Amino acid sequence: MIATHLWWYTARASGIVGWFLLAGGILWGLALSTKASTSKLLHGRVRPNWMLDLHRFLGAAAVVFTAIHVVSLILDSTVHFGLAEVLVPLASAWNPTAVAFGIAAMYLLLAVEATSLLRKRLSKRTWRAVHFASFPLFIFSSVHGLTAGTDGSNPAFVVTVAVTCVAVVAMTARRIKQALDAQTISATPQRVPSPL
């Protein structure tokens, strides 16, 4: 039984692991960008370079598990996916909209990862603009996981996705607030004390 469905189980597992790695990378990236008291949380024991390396590792690992997910779907005989069905949105006869969310998420993941690898060669503005695609990437991959896979009806998976979505929204709100506070401070004219 397991041998006949090996690729199906591999596709399911790699998809779930890929989503967790992606979610972890986004949460860690938000923690770094908000400077979310990571130094207090870790009591200064971790170097900032190591923290950035972990964020990069999570993104790269998400790409690897996404590739395993796609290849496993092609090799599986339970649901027949060809190259077009895993690369072209809405080309799949099986759950086309749900699969399209996954395909769009895959392309966004590749774009974010490529610009991360090329960060030193890109302007900060270009890198940041593409990196903001992490938000629709997270949304699309979450919708894909909940609607395309057989695990979308698993209560543990649904609750985990919901809790993670709440955490991403909360940390994003904190990041936006910090950015707005910084703009307000920089826009406020500094009062120079008058000499006595």
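Predicted model: local features only at pLDDT ≥ 70, side-chain atom pairs only at ≥ 80, totals over all residues.
Local features here need pLDDT of at least 70 and side-chain atom pairs count only at pLDDT 80 or more, while totals for chains, interfaces and linings use all residues. Numbering starts from 1 along each chain as its sequence is written, and side-chain values use heavy atoms, with hydrogens and water left out.

**View 1. The largest pocket and its lining.** The volume comes to about 1000 Å³. Of the 33 lining residues, Gly29, Ser33, His55, Trp127 and His131 sit closest to the centre. A pocket is an open set of points on a 1 Å grid where a 1.4 Å probe fits, with protein on both sides within 12 Å along at least five of seven lines; lining residues have an atom within 4 Å of a point. Helix α1 (6-33) gives the largest share of the lining, 8 residues. By type, the lining splits into 17 nonpolar, 9 polar (Gly counts here) and 7 charged residues.

**View 2. Thr164 in helix α8.** Helices are DSSP runs (H or I, at least four residues), and Thr164 lies in α8. Thr164 has 12% relative accessibility, so it counts as buried (under 20%; exposed is over 50%, partly exposed in between, 1.4 Å probe, protein chains only). Setting aside neighbours within four places in sequence, Thr164 is in contact (heavy atoms within 4.5 Å) with Trp19, Ala23, Leu27 and Phe138.

View 3. Asn154 belongs to the loop between α7 (134-147) and α8 (155-187). Asn154 is partly exposed, at 34% relative accessible area. A polar atom of its side chain lies 2.9 Å from the backbone nitrogen of Ala156.

Terms used
Helix = DSSP H or I, 4+ residues; strand = E, 2+ residues; numbered from the N terminus. Polar contact = N/O pair within 3.5 Å; in protein donor to acceptor, adjacent residues only side chain to side chain. Points joined across faces, edges and corners; volume = space filled by probe spheres on them.
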